[in-house]
Amino acid sequence: MLANYKYIAFETILVKEIRRFARIWVQTLVPPAITIGLYFLIFGNLIGRRIGDMGGFDYMDFIVPGLIMMAVIQNSYANVVSSFFSQKFQRSIEELLVSPVPNYVILCGFIAGGVARGLAVGFIVTLMSFAFTDLSIYNLPITILVVLMTAIVFSLAGFLNALFANSFDDISIIPTFVLTPLIYLGGVFYSVELLPSAGRIVSSFNPIFYMVNTFRYGFLGSSDVNIVWSLGMLCLFVLVLYVICIALLRRGTGLRH
Amino acid sequence: MTSAISIKDLYKTYGNGHQALKGVDLEVEEGDFFALLGPNGAGKSTTIGVISTLVKQTSGTVSVFGKDVATHVYETKLDLGIVPQEVNFSLFEKVMDIVMTQAGYYGLPRALARERTEKYLKKLGLWDKRNNRARMLSGGMKRRLMIARALVHEPRLLILDEPTAGVDIELRRSMWEFLQEINDNGTTIILTTHYLEEAESLCRNIAIIDEGRIIENTSMKLLLNKLDSQTLVFDLREEIEPSAFTALSIERSRLVDPHSFEVDIGKDEDINGVFQHLQAHNIGVKGLRNKTNRLEQLFLARLKSA
């Protein structure tokens, strides 16, 4: 009875989240598709033809996995941070807080919503990539595992941002000043082999570098990083962020006075 | 009988140092229709916040139907329905979705959630608006939507924080009837309101909170009996001249205008004497009313003395 109640509550949050981003699809699904489509066209196609090979692969084939991952990261993060903060701002989060839904079910519901949007955009972008290249997958389980875990990590990070945010400025600072540089410097557009040794060391501290490269391994079978080490790090990120979010929810940070 | 709510020695100091509650003790019996009154900033919403767990108490305990809200989270929240003072649902969602979602948070299976949603939206006159976005609703409809949402899991205790603020008279009366009906069916109701007429006509027991302390906690009947005097206004059928009124010699009376006068009546006095004076001079009375709401008089007097 109790477990069933928790499942119904989880499903309710997830359905609400999916309904929200589907309702405003012009804001949530179309812009990333257009942006990534332009990357395909300009970087992959027009400029890419002059670049030639990157890391032993055609430049378009090289950047497609990175761009899909970029869409997944940005959208899973954006979905949770904007949805949760909007609910805080409108105080509709109180509907959830006065109900008997346990903290971990609240967290999992929002994370599942973020993952759903991240994967939905990732799927759209993947479909678009077929217009530019014949994409093949080298290792499907790794591809699915890494995209899923990355979406979870950035949904958790978005949740953390939303808990601390007090204004709409607070939810745009991290994506603009932290997330975007990490993505662009995370090997989406280039192989780490191109960097000087100092650049390689700096890249090794960028978690997105591992995610993008592991995802690329799933498609191309080649990567700048150790796959096992990458997957282990992703697990650690999920665990640490989950524990922090639960602890903050228990304390009522940003939610209960 | 079990207490629906039992609050013991409740203190709350906010992060900015403001002490909102200074040792609140309160018991509300199961099945009661209870008024929690107080001026703005007295601690009413903080008390409700602690009961609903949106506010963390500094110290003290709150029990709902004998179970501590801090340790029996699941059971106590199932028993509790909250109608907040401010609108707190997403204005972009449909009316039906708002209530259905709340039902889901309480673990109601979809079929039952739909049935209950229909039941309460119909009872509160919102069924025709079920597919409208919440932002399209009027102020009164938004308040009724919050009541429907709070009732969808059929709680044993319903707390309403100023549910009729800004609602027109006709709608307010229909909400009173609805609340009376659900109280008659066994739901305990705690109401905070600034309309003291509302509290007087609906509630059996009352507490007055001021500056974070309960300064009065008694039955409505006992409280109203404390009133030393009341001022009654007599509306006359025909105009009366000031000299003719003076000639009536009614004690502690004043002519308000040519069509009405007021009389102060003591707690143990009756008004037969006034009527005898009027009948003797063949003056017809069209209507009789209290100058101010009796509870309002007491409320203000009690706050002043506190």
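In this predicted model, helix 7 (residues 140-164) and helix 10 (residues 207-220) of chain A sit with their axes within 8 Å, crossing at roughly 155°. With angles over 145 degrees counted as roughly antiparallel, that crossing makes helix 7 of chain A roughly antiparallel to helix 10 of chain A. The crossing of helix 7 of chain A past helix 10 of chain A is left-handed. On the helix 7 side, the contact is built from A:Ile142, A:Thr143, A:Val146, A:Val147 and A:Thr150. Helix 10 of chain A answers with A:Met211, A:Thr214, A:Phe215, A:Tyr217, A:Gly218 and A:Phe219. Sorted by class, this helix contact comes out at 7 nonpolar and 4 polar residues, with no charged ones.

Over in chain B, 4 strands make up an open sheet, running in the order 2-1-4-5 with antiparallel pairing. Strand 2 (19-29) and strand 5 (67-68) of chain B are the edges, each pairing on one side only. Further in, strand 1 (residues 3-13) and strand 4 (residues 59-64) of chain B are joined in the antiparallel sense by 5 bridges. As for B:Ile7, its bridge partner in strand 4 of chain B is B:Val62.

Then there is the contact between the two chains, which draws 20 residues from chain A and 23 from chain B. On the side of chain A that touches chain B, helix 1 (2-23) and helix 5 (93-97) of chain A each put in at least two residues. Helix 1 of chain A provides the largest share of that side, at 6 residues.

Note on methods:
Residues are numbered from 1 along each chain as its sequence is written. Chains are lettered from A and ligands numbered from 1 in the order in which they are written. This is a predicted model: local features need pLDDT of at least 70, side-chain atom pairs count only at pLDDT 80 or more; totals for chains, interfaces and linings use all residues. Two strands pair if DSSP finds at least two bridges between them. Two residues are in contact if their C-beta atoms, placed from the backbone, lie within 7 Å. Axes are lines fitted to C-alpha atoms, for helices over the stretch in contact, and angles run from 0 to 180 degrees between N-to-C directions. Angles under 35 degrees count as roughly parallel, over 145 as roughly antiparallel, 65 to 115 as roughly perpendicular and the rest as oblique. A crossing is left-handed if the near helix is turned anticlockwise from the far one by less than a right angle, and right-handed if clockwise. Ala, Val, Leu, Ile, Met, Phe, Trp, Tyr, Cys and Pro count as nonpolar, Asp, Glu, Lys and Arg as charged, and the others, Gly among them, as polar.
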